[in-house]
Amino acid sequence: MIDSLTTFKPVVATVALAFMWLVEGLVPMFEGRRERARHDVSNVALGVLNAAVASLLFAGAILVATEWARGNSFGVLNWLGLGGVWAYALGFVLLDLWQYLWHRLNHAVPFLWRFHAVHHADRELSASSGLRFHTGEIVLSSVARLAVLPLLGMTVGQVLLYEAVLLPVILFHHGNVGVPAGADRWLRWLIVTPWMHWVHHSDYQPETDSNFSSVFSFWDRIFGSFRLVADPRALTLGLEDMERRDWATLPGMVAMPFTRRHGRRRER
């Protein structure tokens, strides 16, 4: 099981990213992207670093935490006495709700935003942006999960199922893909789509602070954070006052939370 935790996410991410990269080259929404390969390589390099850190520091801890909850009948799913497909279904929904709440916290708490801003600084949004998170954010979110997973009573298998769906959906809704407006409209009744998530990557703060969902789009409707624009190509992506060396290179991304310009959003 520990081998599954350490190898599963990189394999899924590699396959999904390769597919999205091909589609982005064929039907892009945003034309004229500069140095596409260099941009994506920097994002992927950060994602590989994060995968290594998460595997080294947290794969074993997650296994211990979830097995403890199972052995002690601890957590929501165990208290409800659910098993089989119902436990997997409810566990999936509850973990996705946690993702929504954690994402909102990353925007609301200045210390967390310092790290999360690395993700938002990308002005040339693409599927590889779905892997672009500062290592500090990965560590903080993994520590929080160590408390949340036992509280929910989830097993490793349920976590792996969620990750199997989460990663491709994240790469899809970050992708520079010209999804037809009608198709996107139908899809976003259930899952987060590119037209929805591009708004979240606007440099305008009221737009940045919207559309926090990861898989299911209905969390934003339930909690009043759903927002759309008529033409996504009119959005200004990224953050203010960021030079290319700050947001498009691996050294710039790693250093960003510790500099004075650690990610400002346009307020007006």
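**View 1. Y88, a partly exposed residue of helix α4.** With a relative accessible area of 34%, Y88 is partly exposed in this predicted model. Y88 belongs to helix α4. Neighbours within four places in sequence aside, the contacts of Y88 are G157, Q158 and L161. The C-alpha atoms of Y88 and V159 lie 9.0 Å apart in space, although the two residues are 71 apart in sequence.

**View 2. The crossing of helices α4 and α7.** Helix α4 spans residues 84–108 and helix α7 spans residues 156–174; their axes come within 9 Å and cross at roughly 60 degrees. An angle under 35 degrees would count as roughly parallel, and one of 65 to 115 as roughly perpendicular; α4 and α7 are therefore oblique to each other. Their crossing is right-handed. On the α4 side, the contact is made by A87, Y88, F92, L95, D96 and Q99. On the α7 side, G157, Q158, L161, Y162, V165 and L166 take part. Sorted by class, the contact of α4 with α7 holds 8 nonpolar, 3 polar and 1 charged residues.

**View 3. The packing of helices α5 and α6.** The axes of α5 and α6 are 7 Å apart, and the helices pack at an angle of about 130 degrees. Angles over 145 degrees count as roughly antiparallel and those of 65 to 115 as roughly perpendicular; α5 and α6 are therefore oblique to each other. The crossing of α5 past α6 is left-handed. From α5, the residues F111, L112, F115 and H116 meet G136, E137 and L140 of α6. These contact residues of α5 and α6 divide into 4 nonpolar, 2 polar and 1 charged.

**View 4. Burial along helix α5.** Helix α5 is mostly covered, with 8 of its 11 residues buried. The buried residues of α5 are L112, W113, F115, H116, A117, V118, H119 and H120. Among them, L112, F115 and H116 also take part in the contact with α6.

**View 5. D122 in the loop between α5 and α6.** D122 sits in the loop that joins α5 (110–120) and α6 (135–152). The relative accessibility of D122 is 0%, so this residue counts as buried. The side chain of D122 makes a polar contact with the side chain of S129 at 2.7 Å. Another polar contact, at 3.1 Å, links the side chain of D122 to the side chain of N43. Apart from neighbours within four places in sequence, D122 is in contact with H39, N43, S129, R132, L237, G238 and W247.

**View 6. N176 in the loop between α7 and α8.** N176 is placed in the loop between α7 and α8 (181–187). N176 counts as buried because its relative accessibility is 6%. The side chain of N176 reaches the backbone nitrogen of F30, at 2.7 Å. With neighbours within four places in sequence left aside, the residues in contact with N176 are E24, V27, P28, M29, F30, R33, L125, S126 and A127.

**View 7. L56, an exposed residue of helix α2.** L56 lies in helix α2, which covers residues 36–71. L56 has a relative accessible area of 72% and is therefore exposed. L56 and H174 are 118 residues apart in sequence; from C-alpha to C-alpha, L56 and H174 are 27 Å apart in space.

View 8. S73 is not a glycine, yet its phi is positive, at about 50 degrees. S73 is found in the loop between α2 and α3 (76–79). At 47% relative accessibility, S73 is classed as partly exposed. N211 is likewise not a glycine and has a positive phi of about 55 degrees. N211 is located in the loop between α10 (205–208) and α11 (218–222). The relative accessible area of N211 is 1%, so N211 is buried.

Key. Residues are numbered from 1 along each chain as its sequence is written. This is a predicted model: local features need pLDDT of at least 70, side-chain atom pairs count only at pLDDT 80 or more; totals for chains, interfaces and linings use all residues. Side-chain values use heavy atoms; hydrogens and water are left out. Axes are lines fitted to C-alpha atoms, for helices over the stretch in contact, and angles run from 0 to 180 degrees between N-to-C directions. Helices (H or I, at least four residues) and strands (E, at least two) are DSSP runs, numbered from the N terminus. A crossing is left-handed if the near helix is turned anticlockwise from the far one by less than a right angle, and right-handed if clockwise. Contact means heavy atoms within 4.5 Å. Ala, Val, Leu, Ile, Met, Phe, Trp, Tyr, Cys and Pro count as nonpolar, Asp, Glu, Lys and Arg as charged, and the others, Gly among them, as polar. Buried means under 20% relative accessible area, exposed over 50%, partly exposed in between (1.4 Å probe, protein chains only). A polar contact is a pair of N or O atoms within 3.5 Å; within protein, one must be able to donate a hydrogen and the other to accept it, and residues adjacent in sequence count only if both atoms are side-chain atoms.
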